[in-house]
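Please look at the sequence and the model first.

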Amino acid sequence: MQRALDGETDWARLAPHAWRVDHPESIRTYRQDERRQSADRKRKRRARRRLGK
């Protein structure tokens, strides 16, 4: 945000996917794990519901 306010106009470098490549030390892997676990629970719950259990 600060870089945009400072006048940076290279919007492609400010995109989330580009930022992630430039700052791998700042990525919160536990959040990725939480999202994956949540999606797995959701899939299992839906499968159980389809099977009528």
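Is Asp-40 buried, partly exposed or exposed? Asp-40 is partly exposed, its relative accessible area being 31%. Here buried means under 20% relative accessible area, exposed means over 50%, and partly exposed lies in between (1.4 Å probe, protein chains only).

The model is predicted, so local features need pLDDT of at least 70 and side-chain atom pairs count only at pLDDT 80 or more, while totals for chains, interfaces and linings use all residues. Residues are numbered from 1 along each chain as its sequence is written, and side-chain values use heavy atoms, with hydrogens and water left out.

**Overall make-up**

- The protein contains four helices and zero strands, where helices (H or I, at least four residues) and strands (E, at least two) are DSSP runs numbered from the N terminus.
- Along the sequence the pattern reads α-α-α-α.
- Buried residues make up 6% of the 53 residues of the protein.

- The protein has three salt bridges, each defined as a side-chain nitrogen of Lys or Arg within 4 Å of a carboxyl oxygen of Asp or Glu.
- Arg-43 pairs with Asp-40, with 2.5 Å between the closest N and O atoms; both residues lie in helix 4, three residues apart, about one turn of the helix.
- Arg-43 counts as exposed at 52% relative accessibility.
- Asp-33 forms a salt bridge with Arg-36 at 3.1 Å between the closest N and O atoms, and these two are also three residues apart in helix 4.
- Asp-33 is partly exposed at 36%.
- Glu-34 and Arg-31 meet through their side chains at 3.2 Å, N to O, again three residues apart in helix 4.
- Glu-34 is partly exposed at 39%, as is Arg-31 at 37%.

**Positive surface patch**

- Arg-41, Lys-42, Lys-44, Arg-45, Arg-46, Arg-48, Arg-49 and Arg-50 form a positive surface patch.
- Patch residues have over 30% relative accessible area and no salt bridge, with like charges joined within 9 Å.
- Lys and Arg count as positive and Asp and Glu as negative, while His and the chain ends are not counted.
- The place of a charge is taken as NZ of Lys, CZ of Arg, CG of Asp or CD of Glu.
- Arg-41 belongs to helix 4, residues 29–51, and is partly exposed at 48%.

Key: Patch = residues over 30% accessible without salt bridge, like charges linked within 9 Å, V, L, I, M, F, W, Y side chains within 5 Å. Areas by Shrake-Rupley, 256 points an atom, 1.4 Å probe, with all protein chains shown as cover.
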